[in-house]
Amino acid sequence: MNWGGLQSLLSGVNKYSTVFGRVWLSMVFVFRILVFVVAAQRVWGDDSRDFVCNTAQPGCVNVCYDHIFPISHIRLWALQLIFVTCPSLMVVAHVKLREGKDSKYIAMHEGSHLYANPGKKRGGLWWTYLVSLIFKAGFDAGFLYILYYVYEGYDMPRLSKCSLEPCPNTVDCYISRPTEKKIFTIFMVVSSSICIFMCICEMFYLICKRIQKTIRKKVVESHEMMARRSRSKSSVREDPTNTASIQNLCNVKTEEAPSEKKK
């Protein structure tokens, strides 16, 4: 599989990711894909060839190997890396869609933009980014559970018992380099757990930042409303010229009253 092509494809996600997203991407490529390609495939390369059981019964070794290793660790981790990295493509596709809409809008409206910054996490892109984080954490957690359920833990036993047909009786089976394989298994499990933790941290960061912006917007709107109310109250105040004219009219009436009495 061409992991370099996947890396070049996902490297553009860094432009739209937060700090936690950049750390997550570095963890995936350095501590998971690089270790998987360079070391893990070689460790499990001799898995079926060096699997030995103390019996000469034809077919017994194959049946016991299939029972002890229902799915290869290498193939399971390859599927996990594919499923975990694919949700990031949702964000890239959404940004490309925004850029296409923006270019069409510019052509129709003579230079005015539909999006000031197509990669800014607002509106639908914010939800797409959040959903991608949920998928990434969910896929990692699901594959960790599958590995734990299939192999009944993350241990790699040196000796395994097998009594399936066509084995004549309970036979002892041995795998090659169990300690080395156990170390790599624990390493991949720990790195997956750290990636899940980084996704959860990024989700909390996005949600808290969204809540903070909403509260700040409401505060600004309340201040603007109070300012408008104060301006409307000041405009309703009485005009001093009208007050003076009313006072002069009252004085004229009081002067005319005594002159009528004299007549």
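Residues are numbered from 1 along each chain as its sequence is written, and side-chain values use heavy atoms, with hydrogens and water left out. As the model is predicted, local features need pLDDT of at least 70 and side-chain atom pairs count only at pLDDT 80 or more, while totals for chains, interfaces and linings use all residues.

Disulfides come up first here. Taking a disulfide as a pair of cysteine sulfur atoms within 2.5 Å, the count comes to 3. With bonded cysteines counted along the chain, the pattern is 1-6, 2-5, 3-4. Cys 53 pairs with Cys 173, sulfur to sulfur 2.0 Å, and this link is right-handed, with 105 degrees about the S-S bond. It joins distant parts of the chain, strand β1 (residues 52-53) and strand β3, 120 residues apart; helices (H or I, at least four residues) and strands (E, at least two) are DSSP runs, numbered from the N terminus. Both Cys 53 and Cys 173 are buried, where buried means under 20% relative accessible area, exposed over 50% and partly exposed in between (1.4 Å probe, protein chains only).

Cys 60 and Cys 167 have their sulfur atoms 1.8 Å apart. The torsion about their S-S bond is about 95 degrees, so this disulfide is right-handed too. Cys 60 sits in helix α3 (residues 60-68) and Cys 167 in the loop between β2 and β3, so the pair ties together parts 107 residues apart in sequence. Helix α3 also holds Cys 64, whose partner Cys 162 lies in strand β2. For Cys 64 and Cys 162 the sulfur atoms are 2.1 Å apart, and at -90 degrees the link is left-handed.

Not every cysteine is bonded: Cys 195 is in no disulfide, the nearest cysteine sulfur, that of Cys 199, being 6.9 Å away. Cys 195 is buried, at 0% relative accessible area.

On to the charged pairs. There are 4 salt bridges, each a side-chain nitrogen of Lys or Arg within 4 Å of a carboxyl oxygen of Asp or Glu. One of them pairs Arg 32 with Asp 140 at 2.9 Å, N to O. Arg 32 belongs to helix α2 (residues 19-43) and Asp 140 to helix α5 (residues 124-151), so parts 108 residues apart in sequence are tied together. Both Arg 32 and Asp 140 are buried. Lys 161 and Asp 172 come to 2.6 Å at their closest N and O atoms, linking strands β2 and β3. Here Lys 161 is exposed at 54%, whereas Asp 172 is buried at 16%.
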